[in-house]
Each structure stands twice: as structure tokens, then as C-alpha cells.
Amino acid sequence: MVVVLQVLRLSGATQELPKSVICNVHGVNPKFLKVGEKIAAEREEGHQAFSKGAYFLGKMVWAKGYRELIDLLAKHKNDLEGFNLDVYGNGEDSHEVQSTARKLDLNLTFFKGRDHADDSLHGYKVFINPSVSDVLCTATAEALAMGKFVICAEHPSNDFFRAFPNCLTYKTSEDFVAKVKEAMANEPQPLTPEQRYDLSWEAATQRFVEYSELDKVLSKQESTSVNADNTKISKSTSMPTLSAAVDGGLAFAHYCLTSNEILRLSTGAIPGTRNYSKQHCIDLHLLPPQVQNPVYGW
């Protein structure tokens, strides 16, 4: 049986493909939602939930938003006088990033990378993420789940987050300054039950089933057609159309070609690139099976 489903794209930052739709099918770990619920409860009781200002968290390589961050802060150093930002992360560009910040005399304090759910990060009110290289930033979703303000660029990778009132997007560097001042002067809105649900893996799974049309396949609804002698015959949705059969055949051929190292090399593939290596996992932020709690920057 050949089943052809939709191609799901996490955001508009990905390549457009035939039969593709944009849908965020990624959720956050429940521990981040629990942090958000705890902070909301503390605020209802009149306690100060956020005792710290703003922070940025990510692997310390220029492509992860550090170039944009330093450029913004350097350009508007006078406009953001007195504004301090804590930065968490490790990476191959750590020395260069930190030395550049020192040369420009920016108010940045650097710390080693750590798990975003670490207790030391709960007190921050504002998460700043100027990166435009992500497909969909997990750290942004986690910060929203914890009830924080998020300041990020108006970019296709952030479209899903714009529906949340605590997500402040900017188009220009001047707009960035305005959003920073707005966030620092106000308190984030508590997440509604609907907003918490939208960030959960349960909601992500539901979106996946809906947008992939997997529910239609699983339901195995039957359609009917009329035979030449006017008798009705049932046709299961499992019966592939000609188009589906062609797609399936091409997919199978692609699988056969890409799963054989000799055939891959004969078509120009780079040796040793068929399977993800440890370095690939690091570069693409894919978690090795033995890692349950990622530390940003490892």
C-alpha cells in the first residue's frame, strides 16, 4: 500500500516544496509549562516572579544570532544606556564573540551554556533572540512557555510565536530598541489555558494529524464507484491512484539509491555523509539518544 501525505514545513523559513504546507508540529517539554504555571501562581499571590532582566541563550557561534545581537547593541548603545544583557552559551566562536563585545564596550555578561529549564534562569523576565537563521527556535517556545517576554525579529521562523501577546517582534533596529524598553517597563501577561495548550506536544501532535491528513488515512473511509454494469463497488482509501503509485515508486527508488553507499558515491555524494555524525548532531542541534536534558552550547 502506498500512502502519500502532505509535506509539513515547520515554518516559512524552510524550502518550499510540492504538496507542502506550513505547520508547527513541535512542542515544548512539559517542564517549561510547569515553570510558567508556577510563576503565574506566584504572581497571583502577589509575589515578584521575575527578579532579573534580560538574557540570551544559544550555542555561541556567530550564525546563532550573536552577530545580529552585537550589531544591534553596538548601534544603539546610547539609546539602551543602562540596559544589561546576560548571555548563556558555549561554542567555537566564544572567544571572538566575547572579545568583540569587550572592544565595543557592550553591557554583556557571559556565562557558560546551561539547560534552559535550569532554576537560575527562571527569574529572567525577557528573552532576547535576534537570530534569523533558525527554522523554528525551540528556546523561543520554551521562554514563552515559562511566561516570559520574548523579543525576536519579524521573520518567517517566528510567525507561529506572533500569536502570543508576550512575543514582541521588531522590523528595524529602532523598533528593537522600542521593544526592549517596552518589555523592561512592563510585566508579561499570564498565559491562558489555550495558549499553554498551543505550546504543548499534545497540540503539536494534533496539528500534525490534521495537517498531514493522517486522520483520513487512519479512518480508512471507503468511497464508492459505479461499475460498467451499474453495480456499486467499494474502493478503499488504501488503493493508490496512479499519481500516488508514481510518487511511491520515486520515493522507493530514492530510498534504494540513498541507502547504498556505492550508488551514493557514484552520483557525486560526499563520502561518510549518509548518516548523522556526532558533529552533525551538534551543528544541527539534534539530540543524541543518551541526552535527555540538552545544555545549550554543548
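## A cavity inside the model

Searching the whole structure turns up one cavity of 30 Å³ or more. On a 1 Å grid over the protein atoms alone, a cavity is a set of points where a 1.4 Å probe fits but cannot get out. The model is a predicted one, so local features need pLDDT of at least 70 and side-chain atom pairs count only at pLDDT 80 or more, while totals for chains, interfaces and linings use all residues. Residues are numbered from 1 along each chain as its sequence is written, and side-chain values use heavy atoms, leaving out hydrogens and water.

The largest cavity has a volume of about 80 Å³, where a volume is the space filled by probe spheres set on the grid points, joined across faces, edges and corners. Its lining residues (those with an atom within 4 Å of a point) include Gly36, Ile39, Met146 and Arg196. Helix α1 (residues 30–44) gives the most to this lining, with five residues. Helices (H or I, at least four residues) and strands (E, at least two) are DSSP runs, numbered from the N terminus.

## Aromatic pairs

Let's turn to the rings. The structure holds nine aromatic pairs. Rings of Phe, Tyr and Trp (its six-membered ring) pair if their centres lie within 6.5 Å; planes under 30 degrees apart count as stacked, over 60 as edge-to-face and the rest as tilted. Phe56 and Tyr66 are an edge-to-face pair, with 5.0 Å centre to centre and 65 degrees between the planes. Phe56 sits in strand β3 (residues 52–57) and Tyr66 in helix α2 (residues 66–75), ten residues apart. Both Phe56 and Tyr66 are buried (under 20% relative accessible area, with exposed over 50% and partly exposed in between, using a 1.4 Å probe and protein chains only).

Tyr88 and Phe111 are stacked, at 4.9 Å centre to centre and 15 degrees between the planes. Tyr88 belongs to strand β4 (residues 85–88) and Phe111 to strand β5 (residues 108–111), so their pair ties together parts 23 residues apart in sequence. Tyr88 counts as buried because its relative accessibility is 3%, whereas Phe111, at 31%, counts as partly exposed. One aromatic cluster is formed by Tyr55, Phe56, Tyr66, Tyr88, Phe111, Tyr124 and Phe127.

## Contacts of Asp134

Asp134 is found in the loop between β6 (124–129) and α4 (138–145). With a relative accessible area of 13%, Asp134 is buried. The side chains of Asp134 and Lys64 are joined by a polar contact of 2.7 Å, and the Asp134 side chain also makes a polar contact with that of Ser131 (3.1 Å). A polar contact is a pair of N or O atoms within 3.5 Å; within protein, one must be able to donate a hydrogen and the other to accept it, and residues adjacent in sequence count only if both atoms are side-chain atoms.

Terms used
On a 1 Å grid over the protein atoms alone, a cavity is a set of points where a 1.4 Å probe fits but cannot get out, and a pocket is an open set with protein on both sides within 12 Å along at least five of seven lines; lining residues have an atom within 4 Å of a point.
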